Amino acid sequence: MKVLITGVAGFIGMHCAKRLLARGDSVIGVDNLNDYYDVSLKQDRLAQIADHPNFIWSKLDIEDRDAMASLFAAHHPDRVIHLAAQAGVRYSLENPHAYIDANIQGFMNILDGCQKHAVAHLVYASSSSVYGGNEAAPFSEHDNVDHPISMYAATKKANELMAHCFSHLYNLPTTGLRFFTVYGPWGRPDMALFKFANAMRKGEAIDVYNHGEMIRDFTYIDDIVEGVIRVLDKPATANPDYDAAAPDPASSTAPFRVFNIGNGQPTPLMDYIAALETSLGVIAEKNMMPIQPGDVPMTNADMTQLTNWVGFAPDTKVADGVQIFVEWHSEYYGRDS
């Protein structure tokens, strides 16, 4: 297949590209290499795949309508993995307009390109943040998600609604994946594990929000990639049992699906920190802080739907995933020591 991956220099994007290239697919990669976090890390990720003969990449903004139209016209991808977005719950409080530009306008350009060029399947990144203030656990795709508590979450819910419109109007198969706290080698520096490791290596204190009373469904990157690829290979279909009198948010009479992709084993934040302390051989000095606006105390993925759809559920233990991350982190940053 010829697969377009947006956000290809990102954490998940690079890993997905490596997996597809390794199995013989061609990848067209798009990324704008913005400076939301360290651009050199993005460039180093890109270097992992740049020399592959079946890889082509373009530096452009997905919100650039003309550039995206030209890209689709030039390459005619068979399928699309859309991962490019303005990320970060906390940053959405500081710069909400960036989320409208990238996550709404950008997604519109992706949908338009997929529809006009008869893409067989669009798989796109949603987020566990769409569950907002929901307290019923585990979080199910069948739950109402009409109460986001950050602009980031609101744009991700909007993406799901926009995808449904195109699935309904143009019979475009779309699948949204609600990622739950992804971590691992080549991860994002603004995520907790990366920030903690950086600070602890330098002997600095770490900020622990909600006084440590946080639970997250930490999901290892290899499990995420396995789920994404399996879903990519099984295009969304209409739900024959859909009942319009009792509508299901996760499916439709159109070829539209939404799935959680999380570890299904929610872990207390303090246990996550303890695993990092064990791997690094360092006890962290902890600044206990109140919860931040837009944040939630708990995430917990119900994995029933994804397992039923593609026969897979993440299962990497947190201690194992953290250890692999620490080995990568020590090697990557040890180069400059």
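In which hand does H3 pass H5 at their crossing? I looked this up first in what is a predicted model. H3 passes H5 in a right-handed crossing.

**Entry: H3 and H5**

I noted that helix H3, residues 65–75, packs with H5 at an angle of about 30°, the two axes being 10 Å apart. Angles under 35 degrees count as roughly parallel, and that makes H3 roughly parallel to H5. I then listed the residues in contact: Arg 65, Met 68 and Phe 72 come from H3, while Gln 105, Asn 109, Ile 110, Gly 113 and Cys 114 come from H5. By class I recorded 4 nonpolar, 3 polar and 1 charged residues in the contact of H3 with H5.

**Entry: H5 and H6**

I turned next to the pairing of H5 (residues 96–116) with helix H6 (residues 151–170). Their axes come within 10 Å and cross at roughly 15°. H5 and H6 are therefore roughly parallel to each other, and their crossing is right-handed. On the H5 side, I found the contact to be made by Pro 96, Tyr 99, Ile 100, Asn 103, Ile 104, Phe 107, Met 108, Leu 111, Asp 112 and Gln 115. On the H6 side, I found Met 151, Tyr 152, Thr 155, Ala 158, Asn 159, Met 162, Ala 163, Phe 166 and Tyr 170. The class count for the contact of H5 with H6 is 14 nonpolar, 4 polar and 1 charged residues.

**Entry: H7 and H11**

How do H7 and H11 lie, oblique or roughly parallel to each other? I read that the axes of helix H7 (residues 192–201) and helix H11 (residues 318–334) come within 11 Å and cross at roughly 55°. H7 and H11 are therefore oblique to each other. I recorded the crossing of H7 and H11 as right-handed. From H7, the residues Leu 193, Phe 194, Ala 197, Asn 198 and Arg 201 meet Val 322, Phe 325, Trp 328, His 329, Ser 330, Tyr 333 and Gly 334 in H11. The contact of H7 with H11 holds 7 nonpolar, 4 polar and 1 charged residues.

**Entry: the second largest pocket**

I looked up the second largest pocket and found a volume of about 220 Å³. Its lining has 16 residues, of which Lys 157, Leu 161, Asp 248, Pro 249 and Phe 256 are the closest to its centre. Which element gives the most to the lining of the second largest pocket? H6 does, with 4 residues. By class, I noted 5 nonpolar, 5 polar and 6 charged residues in the lining of the second largest pocket.

**Entry: backbone geometry in two loops**

Most residues other than glycine have a negative phi, and most peptide bonds are trans. Ala 118 has a positive phi of about 50° although it is not a glycine. I placed Ala 118 in the loop between H5 and S5. The peptide bond from Ala 137 to Pro 138 is cis, with omega near -5°. I located Pro 138 in the loop between strand S5 (121–127) and H6.

Conventions
Residues are numbered from 1 along each chain as its sequence is written. This is a predicted model: local features need pLDDT of at least 70, side-chain atom pairs count only at pLDDT 80 or more; totals for chains, interfaces and linings use all residues. Side-chain values use heavy atoms; hydrogens and water are left out. Axes are lines fitted to C-alpha atoms, for helices over the stretch in contact, and angles run from 0 to 180 degrees between N-to-C directions. Angles under 35 degrees count as roughly parallel, over 145 as roughly antiparallel, 65 to 115 as roughly perpendicular and the rest as oblique. A crossing is left-handed if the near helix is turned anticlockwise from the far one by less than a right angle, and right-handed if clockwise. Contact means heavy atoms within 4.5 Å. Ala, Val, Leu, Ile, Met, Phe, Trp, Tyr, Cys and Pro count as nonpolar, Asp, Glu, Lys and Arg as charged, and the others, Gly among them, as polar. On a 1 Å grid over the protein atoms alone, a cavity is a set of points where a 1.4 Å probe fits but cannot get out, and a pocket is an open set with protein on both sides within 12 Å along at least five of seven lines; lining residues have an atom within 4 Å of a point. Grid points are joined across faces, edges and corners, and a volume is the space filled by probe spheres set on the points.
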